[in-house]
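Reader: I have a model open and would like to go through it with you. Can we start with what your words mean?

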Amino acid sequence: MEKKRVLFIINPVSGITKHKFWVDLAIRALHETYDFQVCHTKYAGHGNVLAKEAVASGTDIVVAVGGDGTVNEVASAVVGSKTSLAIFPMGSGNGLARELNIKTKIPHKSIDALKRNEPKPVDYGTVMGHPFFCTCGTGFDAEIARRISGSKIRGFLSYAYLCGKALFSYKHVNVTYSVEGGETITRPVFVLNAANIKQFGFGAQIAPLASVQDGLLDVTIVPPINFLQAMKLAIGMFTHTFHKMSPVETFKCTELTVTIPDDAPFHIDGDYIKRTENTFTIKVIPGGINILT
């Protein structure tokens, strides 16, 4: 039987875990089952280019070796194709990997997933022409993404410090939104987030009721709050009770249309993006990507 083809796309500067040991271990363990190829990214967006080439050539599995940014680049090229995605989580947050129960830092489960080769159809979202697999939104989380953009900040403590510092100067965002073409609402928000998975990363859950297989987005809205309320909500993220806390509002939908000001930040899977649109629609694509879990 012809061996299936697997491409490892490695971000050599991602996160805090050395990738080489785990990739080499996978190749040694599974060389009789797969033909392996290894590529390293050389610039932002290179993972997407490499993954598109792999899909076009009929590669069976593309493995994203890195953090959520690398996963987004690679997965964005795999959606809607016959190629499956696998993840070796080597970043700091690793939101999607955690959601799929792929152990981080010591990703032996990633090797097990390759060995089993049982792809699972998973939902993803789209906004402004960009796929997302974890979360997207505007407000405080997007402001943190903007401040981190271009920096070398890594790890939970660095993120926590930056969040605490930003709380003293952060202002709310005025948003207008409608759910699935319904009533239009305009209001100030601390956070407006659309989630495909439960968490941002690090185990901090913004949408504890989210599922990657329910065909729905989980929208979380937090109105303007003070510093003490923000600290309580932060605790709620790690105790997985965020959705039950006041003044958090949550709902599920398949489509959300949002309008935000020119200067409002926006993030996709934790990466700050420079928008060209003020009004846009966030949608879910049910079962649109196959992932080895």
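Author: Buried means under 20% relative accessible area. Bear in mind that this is a predicted model.

Reader: Fine. Is Met-237 buried or exposed, then?

Author: Met-237 has a relative accessible area of 16%, so it counts as buried. The residue sits in helix H8, which covers residues 227-238.

Reader: What does Met-237 contact, apart from its neighbours within four places in sequence?

Author: Phe-200, Gly-203, Ala-204, Gln-205, Ile-206 and Phe-242.

Reader: Changing topic: aromatics. How many aromatic pairs are there in the whole structure?

Author: A search turns up nine aromatic pairs. In one of them, Phe-140 and Phe-190, the ring centres are 5.1 Å apart and the planes meet at 15°; planes under 30 degrees apart count as stacked, so this pair is stacked.

Reader: Where do Phe-140 and Phe-190 sit in the chain?

Author: Phe-140 is in helix H6 (residues 140-148), while Phe-190 is in the loop between strand S9 (184-189) and strand S10 (191-195). They are 50 residues apart, and the pair links distant parts of the chain.

Reader: Are Phe-140 and Phe-190 buried or exposed?

Author: Phe-140 is buried at 10% relative accessible area, and Phe-190 is buried at 11%.

Reader: What about Phe-266 and Phe-280, how are those rings arranged?

Author: That pair is edge-to-face, with 5.0 Å from centre to centre and 70° between the planes. Phe-266 belongs to strand S16 (residues 266-268) and Phe-280 to strand S18 (residues 279-292), so the pair ties together parts 14 residues apart in sequence. Phe-266 and Phe-280 are both buried.

Reader: Which residues do ring pairs link into a cluster?

Author: Phe-8, Tyr-34, Phe-36 and Phe-88.

Reader: Back to H6. How many of its nine residues are buried?

Author: Seven of the nine, so H6 is largely enclosed by the rest of the structure. The buried ones are Phe-140, Asp-141, Ala-142, Glu-143, Ile-144, Ala-145 and Ile-148.

Reader: What do the buried residues of H6 pack against?

Author: Strand S7 (135-139), helix H7 (156-166), S10, strand S11 (199-201), S16 and strand S17 (271-272).

Reader: Now the whole chain. How many helices and strands?

Author: Eight helices and 18 strands. Of the 293 residues, 51% count as buried.

Reader: What is the radius of gyration of the chain?

Author: The chain has 19 Å, and a compact globule of 293 residues would have a value near 19 Å, so the two agree. Along the principal axes, the C-alpha trace spans about 60 × 40 × 30 Å.

Reader: And the contacts between residues at least 6 apart in sequence, what share join residues at least 24 apart?

Author: 72% of them.

Note on methods
Residues are numbered from 1 along each chain as its sequence is written. This is a predicted model: local features need pLDDT of at least 70, side-chain atom pairs count only at pLDDT 80 or more; totals for chains, interfaces and linings use all residues. Side-chain values use heavy atoms; hydrogens and water are left out. Rings of Phe, Tyr and Trp (its six-membered ring) pair if their centres lie within 6.5 Å; planes under 30 degrees apart count as stacked, over 60 as edge-to-face and the rest as tilted. Helices (H or I, at least four residues) and strands (E, at least two) are DSSP runs, numbered from the N terminus. Buried means under 20% relative accessible area, exposed over 50%, partly exposed in between (1.4 Å probe, protein chains only). Contact means heavy atoms within 4.5 Å. The radius of gyration is taken over C-alpha atoms; the globule rule is 2.2 Å times the number of residues to the power 0.38.
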